[in-house]
Amino acid sequence: MRLRRVAITGMGAVSPFGKGSGLLFDALLAGRSGIARNPELDQFAELGPRVAGLVRNLDVMEVPRKHRRSMSPMSIYAYLAALEAAAEAGLDEAALASGRTGLVMGSTMGSVRTIEEFFRAYLPDASLAQIKSMMFFRVMGHSVASNVAQALGITGRVLAPTAACSTSCVAIGLAYEAIAFGKQDVVLCGGADEYHPLTTGTFDLMLAASSNFNDEPARTPRPFDRQRDGIVCSEGAGVLVLESFESARARGVPVLAEVAGFASACDVSNIANPEPAPLYRCMKEALDCAGVRPEEVSHVNAHATATTRGDIAESRAIAMLAGDGVPVSSLKGHLGHAMAASGALESIACVHMLQKQMLLGTLNLDEPDPQCAMVDLLRNNSERAVSVIVKNNFALGGINCSLVLRGYDD
Amino acid sequence: MTDSQVIEAANKALAEEFELEIERMTPDARFREDLDLDSLDAVDMVIVLEKTFQIKIGRDPAILEIRTVGDMHAYIITKKRELEQAR
């Protein structure tokens, strides 16, 4: 069976830098940090971290109440990102409702803030009397996918993969496969998450959250750096429009880049700590899928969240794949870890890098950890030929995934 | 609480809950056709009214007959009278 080639024709982002994929890239290019002190964390004396990357100053009234009533912030972020992506791809209402347009979007879980609200209302008297009808739609596992599909009128297949930090990378991969196999012509895909202190708390309990830079938030997280001390949680949404080259040509819309390959492979060595060999296998399978040799790769955009063990394992895996011949960077230094949104936000940045023929360096990588330095760690932005990018995301639970993105020039 | 106070409080609470301009809360405005509210909004309306007026509505069959803002006012006014008489 001949697989169809898959184009990226639209992108949309909501990030700690604000609303817009262009705005996201401009902030990354300028080396800005999206991380700030989060006073909400002060109430938890038992937790170390006091920083996060929050989405601020978003006008939620842009979303009609009819749709917003069932949305928690993550769905609002995803909806606004999807609107931007659909507009860039020139998708009108008829295209969205054609049945040939689908949606694949996930989040780590449903809205934790709404779950908290539910139990605050329920537990005092074990009564459901004060529970409003919309709570369920904000906490269900496919809340983001169904809310965005309902609001945009998307009538094709709607899937909601959940794989924590790998979620949106998996979503892009599933969208790619649906189009490659001819099941859909167009798929909006990506992921979203909203911040809750519990997310920071979860990583802190596992000794994997940054707390040494609470008074200098812009200096953390520090992927691959000797002083790195863990993840900084953030929030947002990233959405890409994928479609077959035939569809893009027929609609007369420009191709921004190509999704050339995808792989997902599970690391069963440990539920939390990644090993290099399974990460290598995942990247290699994605390259094989794309028909690309390791020496043809221009850049590996790492998952690298700035945990002690994760960054070392990923560096070793990349060295197994391509030695020190491929420049590697992580965008977590700018963005923090937007969880289910991270893969899509980082993929959007990768598409901009392919278009601009430049690579973004890793923010806060001042002194590379010798245990990571067996690969070419990129500290500064650099202009160069960029044709193929491997985008990694690895999740708790052992869910590894890699995308291969290729530049496209008409 | 006078009838006009009930009407004012009900309009204010529902306008806030459903993001409606208060001027649209006229007695003849129909919830579904004119105010674009549906059956799920009706569930939340009951919760908001119970909280606003400290009354128990629950699944009172009479609530299903409410079509307009005026019907809702009449329902609350009757309900409050019944409660006062019971006391």
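Tutor: Happy to! Let's begin with the chain as a whole: chain A holds 14 helices and 16 strands. Its radius of gyration is 20 Å, close to the 22 Å that the globule rule gives for 410 residues, so chain A is as compact as a globular protein of that length. Please keep in mind that this is a predicted model. Taken along the principal axes, the C-alpha atoms of chain A fill a box of roughly 65 × 55 × 40 Å. Of the 410 residues in chain A, 59% are buried. The contacts tell us about sequence separation too: among those in chain A between residues at least 6 apart in sequence, 80% join residues at least 24 apart.

Now to the part you asked about. The domain assignment divides chain A into domain 1 (6-251) and domain 2 (261-407). Taken over C-alpha atoms, the centres of domain 1 of chain A and domain 2 of chain A are separated by 20 Å. Where these domains touch, domain 1 of chain A contributes 61 residues and domain 2 of chain A contributes 53 residues.

Let's stay on the domain 1 side of that contact. Five elements of chain A each supply at least two of its residues: the strands β1 (6-15), β7 (186-193) and β8 (236-244), together with the helices α1 (21-29) and α8 (167-180). The largest share comes from α8(A), with eight residues. Sorted by class, the side of domain 1 of chain A that touches domain 2 of chain A has 30 nonpolar, 22 polar and nine charged residues.

For another contact in the model, look at where chain B touches chain A. Here six residues come from chain B and six residues from chain A. On the chain B side, the residues divide into three nonpolar, no polar and three charged.

Finally, a brief stop within chain B itself. Asp36(B) sits in the loop between α1 (3-17) and α2 (39-53) of chain B.

How values were computed. Residues are numbered from 1 along each chain as its sequence is written. Chains are lettered from A and ligands numbered from 1 in the order in which they are written. This is a predicted model: local features need pLDDT of at least 70, side-chain atom pairs count only at pLDDT 80 or more; totals for chains, interfaces and linings use all residues. Helices (H or I, at least four residues) and strands (E, at least two) are DSSP runs, numbered from the N terminus. The radius of gyration is taken over C-alpha atoms; the globule rule is 2.2 Å times the number of residues to the power 0.38. A residue is buried if 20 or more other C-beta atoms lie within 10 Å of its own, exposed if 12 or fewer, and partly exposed in between; C-beta atoms are placed from the backbone. Two residues are in contact if their C-beta atoms, placed from the backbone, lie within 7 Å. Ala, Val, Leu, Ile, Met, Phe, Trp, Tyr, Cys and Pro count as nonpolar, Asp, Glu, Lys and Arg as charged, and the others, Gly among them, as polar. Domain bounds come from an automatic or database domain assignment.
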